[in-house]
Amino acid sequence: MAYTVDSAIQTVFDKLLSDPKIQKALAFIDADQQNKITELKEMVVLHGAPFKERELRSPMFHKKLEQYGASDCFIDSHDNAFGYVKGGTGPVVVFEGHLDTVFSAETPLAVTEKDGKIYCPGIGDDTAALANVLSVLRAITHAGLKPSGTFMLGGTSGDEGEGDIRGIKGLLDDHK
């Protein structure tokens, strides 16, 4: 069965994609690829074992959110790190990756590259999502985008194993 997009949705996407600020943000994301990879390599060597996010990863991500222009940044009681890009009165949209990895704090972390691929425990689950969140934040700031609602960007804790997705559960409990 062929996938089709409702014409009303396609119209909205076409309008968005024709906006010069959206085009500027998308071009920035393409141009930001090497910065995103550099930042990915930097972040992945910080241990992120479940229940230990507050030691390294939450503060690191909080600082990066502030650095790239998010407002009202915070680390909550669940060890999540978040900030906002505020716009109009529209809905709040959450864009996040998780701060923890499945690896214990004793796992050796070293970035290696081979045949155009980057390897390190935790690089794909989920440090790459954190790097994407930051790249999108930089693109929004660079293009001067103002959302019709609010973007809530950040990293959640406790996704893996015994963490039982405690970070996102806590975020949703705290932000109805």
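## Asn80 and its surroundings

The side chain of Asn80 has a polar atom that lies 2.9 Å from the backbone oxygen of Gly167, a polar contact being a pair of N or O atoms within 3.5 Å in which, within protein, one must be able to donate a hydrogen and the other to accept it, while residues adjacent in sequence count only if both atoms are side-chain atoms. This is a predicted model, in which local features need pLDDT of at least 70 and side-chain atom pairs count only at pLDDT 80 or more, whereas totals for chains, interfaces and linings use all residues. Residues are numbered from 1 along each chain as its sequence is written, and side-chain values use heavy atoms, with hydrogens and water left out.

Asn80 belongs to the loop between strand E1 (71-75) and strand E2 (81-86), where helices (H or I, at least four residues) and strands (E, at least two) are DSSP runs numbered from the N terminus. Asn80 has a relative accessible area of 0% and is therefore buried (under 20% relative accessible area, with exposed meaning over 50% and partly exposed in between, for a 1.4 Å probe and protein chains only). Leaving aside residues up to four places away in sequence, the residues that Asn80 touches (heavy atoms within 4.5 Å) include Phe74, Leu99, Gly155 and Gly167.

## Aromatic rings

The structure holds 2 aromatic pairs, counted when rings of Phe, Tyr and Trp (its six-membered ring) have centres within 6.5 Å, with planes under 30 degrees apart called stacked, over 60 edge-to-face and the rest tilted. Phe74 and Phe82 are stacked, because their ring centres are 6.3 Å apart and their planes stand at 25°; Phe74 and Phe82 are both buried. Phe74 and Tyr84, with centres 6.1 Å apart and planes at 35°, are tilted, and this pair links Phe74 in strand E1 with Tyr84 in strand E2, 10 residues apart.

Tyr84 also counts as buried, at 15% relative accessibility. Lys86 lies over the face of Tyr84, 5.2 Å from the ring centre, the criterion being NZ of Lys or CZ of Arg within 6 Å of the ring centre and within 35 degrees of the ring normal.

## Strand E6 and its partners

Strand E6 (residues 150-156) is largely enclosed by the rest of the structure, because 6 of its 7 residues are buried. E6 pairs with E2 in the antiparallel sense over 6 bridges (pairing requires at least two bridges found by DSSP), and Ala81 stands opposite Gly155 in E6. Strand E3 (residues 92-98) runs parallel to E6 and is joined to it by 7 bridges, with Leu153 in E6 as the bridge partner of Phe95.
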